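Subject: Structure handover

Hi,

Here is the structure for you to look over. My notes on what turned up follow below.

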Amino acid sequence: MAKDVQFDSEDEEFFGSVGSFGVPKFDNEMRGGVPRGFTMIAFTDIGSGSELFAKQFVSPAEEAENTIYISTNEGQAEIVRIFQKYDWPLDINVRTIGEEYNSNVLEKELLASRYRLEGFRLEDIQRLAQTRFVEESNQDYLTEVTNEVMALGPYFRAVLDSLDFFLQRDDPARVIAMVRMLQAHAQLYRGLLFISVSTDGLSPKVKQELSSIADMVLSFQVRTVGTDFETSMIVSKFRNAPENLKILVFRVTPEEGITPETVERIA
Amino acid sequence: MNLRALGVSFPMQPVGMYSRDRCVTGVHGLDEILRGGIPYGSTVLAAGTCGSGKTTLGMEFLVRGANAGEACAHFTATEPSVKLLENIRQFGFFDMKMVDTGLINVFDMDVLYSWLGLEKSSFDLDDVHSLIKSIVDIVNTIGVTRLVIDSVTTLCYKIKSEQLIRDFLFTLGKKLATLGCTTILIAEITSATQNAHWSSFGVEEAICDGIIVLGDIERMGHLLRFLQVVKMRGTSHSRAKHAIELTPLGVMLTPMLKWGAVNDNLNRWGS
């Protein structure tokens, strides 16, 4: 039986039925914003601006403690730098899985390689003789991230940038199951969830499954025009609003970040 | 020049009287069985059934060495070191200061595996070589002269090929011998009767320089522990079964009398 979540009438009024993408011009193009409860999947090209869009998406942060930005590639310092640059709120929850993985797993692997190649030094041996227990290192980041997002309350806002980290290390079926759970949670709690995944190396089957789970599918693309790069965002799925399917060419400005310039309707 | 003609006398000596230096185990009765101790640098397999006193024997071997100021190392794979040290504290011969001062260095194999990135179910050739390198490194760096691995059976379960187990034991034994380290490899066996193998994988007993078997024998309704030195290269030794008593003061060995055993045909103790 589905869980029954009670929403406060004041909250309903405050949050409304749609939330902002964090990009005003994009909100206008999408007839007000993104409906509460939506899960967005963005298929991205390298260098297409999706990381900036992901950060911009959490910037409205209606409730900072109910907002989370999960990055698998960037470090805390870099994220803070971008938020400061655009004057976006700094009190949201940020988790940097990539950094955690580097310190918990990769550093350990590097040290193991050093021990195997160069052997133990006296101080290593003394420490080894005094170490009685194995440090727990089998962290299941997929479960942790799922639990972290599912712990968020009504009207949450969450970004997972990107799914590549999990698809490269876990069984894709497990990753898709996680996305399904998150989508159900977003729907139930009227949350807004943005997940990015790069198109390079993504299997058509996984892409198809992710597209079918998502309420909104975006593609971030980059191409060369003359001597310039042209970045665009394609809205190829918008549940129950096919009129929103569009191609938006955008540029990045120092004031507003991602800024759509020209719009072309698909349907 | 004929020295005899010059009146220089020679003591009568049979050819091959050379005797190897010994690592005096200090275990009551064992050095007598081995005619002075284990030849230095030997790798000895201490194979026994569960509860036969293998770990206590190995630990006492280290403690006696530490008492003489030798650096000792114990690699434990069958129980956590915390538990091992708690269990061994009940024996009067053991003093925790030996661990605190670094005379006896106890290493958890699980921790060593983790440090080497060997947290896997089976080891390949590279893994085996890094394990050997690490053990040899430790022995070399802190000048270990007495080493116990408890148990080599648990360790070898991770090495899937018999050839690799052979290489592992042979290379490890050779390197430790070069460093002058006398090693006891503890092995778990299910039966210590005369037809049994003295090792789980069949190759340990052939590679090692010595085999000490520990087991139980039923005698007049009592289960007695026994110890028997089956093989020891580089020394003559008694091959008789000896009764083991695990006393608060340590292991005590006494010759076993040839009477009173149940199933005497199967258990030819004292032969």
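Of the 267 residues in chain A, 35% count as buried. Please keep in mind that this is a predicted model. Chain A holds ten helices and eleven strands. Its C-alpha trace spans about 70 × 55 × 40 Å along the principal axes. Take the contacts in chain A between residues at least 6 apart in sequence: 68% of them join residues at least 24 apart.

Helix 9 of chain A

This helix covers residues 172-189 of chain A, 18 residues in total. From first C-alpha to last it reaches 26 Å, close to the 26 Å expected at 1.5 Å a residue. Its buried residues are A:Val175, A:Met178, A:Val179, A:Leu182, A:Gln183, A:His185, A:Ala186 and A:Tyr189.

After helix 9 of chain A comes A:Arg190, with a positive phi near 55°.

Where the chains meet

Contacts between the chains involve 21 residues of chain B and 14 residues of chain A. On the chain B side, the elements giving two or more residues are helix 3 (81-88), strand 5 (104-108), helix 5 (109-115) and helix 6 (125-142). Which of them gives the most? Helix 6 of chain B does, with seven residues.

Helix 6 of chain B has 18 residues, which should span 26 Å at 1.5 Å a residue. Its end C-alpha atoms are 26 Å apart, which agrees. The buried residues of helix 6 of chain B include B:Asp127, B:Val128, B:Lys133, B:Ile135 and B:Val139. Their cover draws on both chains. From chain A it includes helix 5 (97-118) and helix 6 (122-130). From chain B it includes strand 4 (71-76), helix 5, strand 6 and helix 8 (162-178). B:Gly143 follows helix 6 of chain B and has a positive phi, near 65°.

Nonpolar cores

The largest nonpolar core has 81 residues. B:Leu45, B:Ala46, B:Val139 and B:Leu185 touch the most other members. Leaving out residues up to four places away in sequence, B:Leu45 touches residues including B:Leu185, B:Ala187, B:Trp198, B:Cys208 and B:Ile211. A second, separate core has 56 residues, among them A:Val58, A:Phe156, A:Leu163 and A:Ala214.

Backbone points to check

Most residues other than glycine have a negative phi, and most peptide bonds are trans. These are the exceptions I noted.

- A cis peptide bond joins A:Asp161 and A:Ser162, with omega about 5°. A:Ser162 sits in the loop between strand 6 (157-161) and helix 8 of chain A.
- The bond from B:Asp150 to B:Ser151 is also cis, with omega near 5°. B:Ser151 lies in the loop between strand 6 (144-150) and helix 7 (152-156) of chain B.
- A:Asn240 has a positive phi, near 60°. It is in the loop between strand 9 (228-238) and strand 10 (246-253) of chain A. Buried or exposed? A:Asn240 is exposed, with 7 other C-beta atoms within 10 Å.
- B:Met220 has a positive phi, near 50°. Its place is the loop between strand 8 (210-219) and strand 9 (222-232) of chain B. B:Met220 counts as exposed, with 9 C-beta neighbours inside 10 Å.

Best wishes

Technical notes: Residues numbered from 1 in each chain as written. Chains lettered and ligands numbered in written order. Predicted model: local features only at pLDDT ≥ 70, side-chain atom pairs only at ≥ 80, totals over all residues. Helix = DSSP H or I, 4+ residues; strand = E, 2+ residues; numbered from the N terminus. Expected span 1.5 Å × (residues − 1). Buried ≥ 20, exposed ≤ 12 C-beta atoms within 10 Å, placed from the backbone. Core = buried A, V, L, I, M, F, W, Y, C linked by C-beta atoms within 7 Å. Contact = placed C-beta atoms within 7 Å.
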